[in-house]
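Good morning, everyone. Please look at the structure as I put it on the screen.

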Amino acid sequence: MATSQWWQKAVIYQIYPKSFNDSNGDGIGDLPGITAKLDYLKELGIDAIWISPIYTSPQVDSGYDISDYRVIDPRFGTNADLYHLIDEAHARGIKVIMDLVANHTSDQHVWFQQSRQSRDNYFSDFYIWRDPQPDGSAPSNWGSYFGGSAWEYEPLRQQYYLHYFAKEQPDLNWENPLVRTAVYDLMRFWKAHGVDGWRMDVISGISKFTDFPDYPTPNGEQFVVGDLHANGPRLHEFLQEMNREVLAPFDMMSVGEAPGSTARNARQFVDQTRQELNMVFTFDHMDIDADPMAPFPQKFHSLAFDLVKLKQSLSEWQNSLFNHGWNTLYFENHDQPRVISRWGNDGQYRYQSATAFATVLHGLQGTPYVFEGEEIGMTNAHNFTLADYNDIEVTNTAKMLGTTVMGLTATELLAAAQQISRDNARTPMQWDNSANAGFTTGQPWLKINSNFPTINVATDRQQTQSVFNYYQQLIALRHDAEWLTAGEYQLLLSNDPQLFAYTRTYAGQVWLIVANLSPEIVATTALQAVLGEQKITQLLLQNYPERQRLDAPLQPYEALIAKLG
Ligand code: TEU
Ligand code: CA
């Protein structure tokens, strides 16, 4: 596959706007706040920013519930503020990717306000309406990702509507061509204002299995979120249509968030010959610590880190897409906890583990995504109590404490939330050690991580062990090194529970990426054995400066990128 597209050499930085930088002291990050930090991002070296939703929204799900796709929410500023941000970004050579949330809208969107009124108006079929069962109950046992049924009754129509997420997020009916046209139109609108591409929210869910068959419930579950929630029969038809209507003619980059995507079906989204999307975000490698046997809420019963599973998942994607499509590379986003707290070490080896995870990720083929704060090794919020959480996923679950569907005590839920909840990533960005971490002069909308006096941008950049500085080097390397873009991947020591080691081979030359993803000292005997005669001829990047050769053991979370010869 040709590797000449801008996004194949790019590193994309995700901004969670509420928590990035507040310019007017209301405690909420905003667009002028982002513009003020563009020079910071330029220094980091990134090529594009992806901004999570900033459109008008009641914020039931932090902006993923949109009530007007064309008007910026006043919390974040004005449309003019966005146009200014885009100009300033472009002036620095930074592209702007926006979030397209088109699986659902807010229930406050005018389309839904109309749709719920009657069965025979223009908007009636913009959403997915079904009659009750004869006994009045919901059409099927489909569950919502946020708990409870995916169906909500509307007395005005005497019908149920479908919502995969909160009941305030009704799913759009993509079977209706008017819906698809409306979505393509708003995409063109933002293109006309300079937007360069799209991150598409739950894009694998837009086509539904329209008969909504009941899921089997072997353990007596009341509601089920399962495979049928994604990859519906017309998904690829819709994506090809969107590509024809918008992405290709207007040359927009596309990355689809694709729950339910696997290394096996990924090519259907991203094989270039199919003209659908440029990349997808899979959940495969994020699900390695999800216990498939756990009761609802499954997510809050996570398993211990298993490096062998992580390597297996990432390798399957590397191998399946090589020469066919393009990968995304990510460990963090606004839905995931901080990787060093989840799988690494956010105490004694915080610098080492942040840089080690970054090394193994950025050494792969694909486009790396850095989530705000990841570049300074921000950690999970260990200082939260249950009352501090804002995310609907936690607050909904907390409401069910003590009911029969809930197998957790409050103490267990708090421990799980501190480990895995989305708010771990959503705490305000830690800029410096002044009041409120330099994020706001007001009252922050979400509690700030109490470790901000030591973990913040200003402090990190003054240290010899600077995570930011390491990211700068990684990003610069991606811009330079053709072998990183195009080289063939080979996993080494697949069953080793501590080392993540692989080679990239390009034009007859070989590079080694290796990290010890454990807090122990690990011998390199097995690694040297598989490398045979090949020795390090040049070290390109390392997080322990002393190392020269491979014959000394690897220190806790030691990582390096080297040329072999
Ligand atoms: O997430 C989609 C998704 O698949 C959910 O399962 C998500 O992983 C959730 O975090 C479960 O823990 C997207 C957005 O990224 C998320 O922020 C939104 O809440 C969701 O869609 C609805 O728009
Ligand atoms: Ca603000």
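In this predicted model, five strands form an open sheet in the order β14-β15-β16-β18-β17, and their pairing is antiparallel. The edges are taken by β14, residues 488-492, and β17, residues 536-542. Each of these two has a single partner strand, so one of its sides has no neighbour in the sheet. On average, and ignoring direction, neighbouring strands are turned by 25° against each other.

Within the sheet, β16 (residues 509-516) and β18 (residues 559-564) form an antiparallel pair over 6 bridges. Which residue of β18 does Ile513 face? Ile513 stands opposite Ile561. Helix α8, residues 307-321, packs on the sheet, where it touches β14 and β15 (499-506). The direction of α8 makes about 160° with that of β14.

I turn now to the cores. The largest nonpolar core has 131 residues, and those touching the most other members are Ile12, Ile46, Ala48, Ile49, Ile97, Val280 and Phe357. Which helix gives the most to this core? That is α10, residues 350-362, with 7 residues. Both domain 1 (6-98 + 228-243 + 260-469) and domain 2 (487-564) give residues to the core, which therefore lies between them.

Let us consider Ile12 in particular. Beyond its neighbours within four places in sequence, Ile12 is in contact with Ile46, Asp47, Ala48, Trp50, Ile97, Thr367 and Tyr369. Finally, there is a second, separate core of 10 residues, among them Phe300, Leu408, Ala417 and Ile420.

Methods. Residues are numbered from 1 along each chain as its sequence is written. Chains are lettered from A and ligands numbered from 1 in the order in which they are written. This is a predicted model: local features need pLDDT of at least 70, side-chain atom pairs count only at pLDDT 80 or more; totals for chains, interfaces and linings use all residues. A nonpolar core is a set of buried Ala, Val, Leu, Ile, Met, Phe, Trp, Tyr and Cys residues joined through C-beta atoms within 7 Å. A residue is buried if 20 or more other C-beta atoms lie within 10 Å of its own, exposed if 12 or fewer, and partly exposed in between; C-beta atoms are placed from the backbone. Helices (H or I, at least four residues) and strands (E, at least two) are DSSP runs, numbered from the N terminus. Domain bounds come from an automatic or database domain assignment. Two residues are in contact if their C-beta atoms, placed from the backbone, lie within 7 Å. Two strands pair if DSSP finds at least two bridges between them. Axes are lines fitted to C-alpha atoms, for helices over the stretch in contact, and angles run from 0 to 180 degrees between N-to-C directions.
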